[in-house]
Amino acid sequence: MERQTLGSHIIDWCRYISRNGLRTNHGFLILCGSIILLIYGVTLLVFLGDITIHGSSSAFMNTCFLYLGLAGLWKQQETLKQERVYPDDRIIGYALLLTGTIGFFLLRSSFSLQALCAMLIVMGMLLSQFGLVMIRRHWRFIGFIIVGLYPNIINLATQTWKFATPHNLLELLMANLGSQGLRLLGYESIAQEQFIKLGPGAVEVAFGCNGFHMSFVLGMAGFIVGQFMQLSVRKTVLLIIGGVTLALSLNVPRVMMLAIASVYWGKQSFDFWHGSIGGQIFAGILFTIYYYLAMWIIDRKPNVKASRSIV
């Protein structure tokens, strides 16, 4: 028996929808959901392309999560064909699908809310097509797809962090550590809230310079690498913790350098190191170090204590 590729399976699915979309109510609803998801997918692709040009890493995360979810379900295709769908599952699935469809057109002013509607449509299609047992069994892959559909994962993480943590938590930490580092270098520096006072001037550590962005990106990169390489939970957690710790640690000397550039080197120098080119240089150094750290964690063998022989 010839094994189908992912592309041929998608073509077969499109043929199935086109043939059965107008024959049964179920097929019609699946057809409507597929069309809306196609519209949303094109819009999402354009949006991710735009924010990528401006330096965002969300497109990388969206692509990886969608691939992990779709590839995971693809490997279970034979099992999915045998899933039993109960009438209650279909009713709930149709309700989610219709709710998402109506909301998608009513909430056109908010891309985030449209993303939520797209998630409802996906859940409705899966529930009505394969049943609740399938969702429980493959919740991890479905979760990856749901996360991948959100248009700006980093922005969502940022808003969640601001809501769940004390005001200016990382900014205050970076200001204090940066000020202490400058004093070790011989500068007269003090930290007042999120400001670093250095000689004749002062610099504010704003949210964009507190290290959250890069720590989140490296943390998610560690999680994604762990999933792609099917690493153990222990190694995946180490990759995440290592990435977050490294990003926050290296952000301290970056804050110190920006403070020195702002006060002593002039506006042009500060704009260079604070701008896109300086940010790319810092990111390049950070990702290079993280690569070697990640390889060490992945290749590290567990310590096995030699058993003592009893004479």
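**View 1. Thr 101 in helix H5 of the predicted model.** Thr 101 lies in helix H5, which spans residues 87-106 (helices being DSSP runs of H or I with at least four residues, strands runs of E with at least two, both numbered from the N terminus). Because its relative accessibility is 16%, Thr 101 counts as buried (under 20% relative accessible area, with exposed meaning over 50% and partly exposed in between, for a 1.4 Å probe and protein chains only). When residues up to four places away in sequence are set aside, Thr 101 touches Ile 36 and Ile 121, a contact being heavy atoms within 4.5 Å. Residues are numbered from 1 along each chain as its sequence is written, and side-chain values use heavy atoms, with hydrogens and water left out. The model is predicted, so local features need pLDDT of at least 70 and side-chain atom pairs count only at pLDDT 80 or more, whereas totals for chains, interfaces and linings use all residues.

**View 2. Packing of helices H11 and H12.** The axes of H11 (residues 212-228) and H12 come within 8 Å and cross at roughly 160 degrees (axes being lines fitted to C-alpha atoms, for helices over the stretch in contact, with angles from 0 to 180 degrees between N-to-C directions). H11 is therefore roughly antiparallel to H12, a term for angles over 145 degrees. The contact involves residues of H11 including Met 214, Leu 218, Gly 222 and Phe 223, and residues of H12 including Thr 236, Ile 240, Val 244 and Leu 248.

**View 3. Packing of helices H12 and H14.** Helix H12 (residues 233-265) packs with helix H14 (residues 276-299) at an angle of about 150 degrees, their axes being 10 Å apart, and the two helices are therefore roughly antiparallel to each other. Among the residues that meet here are Lys 235, Leu 246, Asn 251 and Arg 254 in H12, and Phe 282, Ile 289, Tyr 290 and Ile 298 in H14.

View 4. The protein has 14 helices and three strands, and 41% of its 311 residues count as buried. Among contacts between residues at least 6 apart in sequence, 70% join residues at least 24 apart. The mean pLDDT is 85, and 89% of the residues reach 70 or more, pLDDT being the predictor's confidence in each residue, from 0 to 100. Over residues 306-311, however, the pLDDT is below 50, and this stretch has zero contacts in the model beyond near neighbours in sequence. Where pLDDT is low, the predicted coordinates should not be read in detail.

Methods: Parallel < 35°, antiparallel > 145°, perpendicular 65-115°, else oblique.
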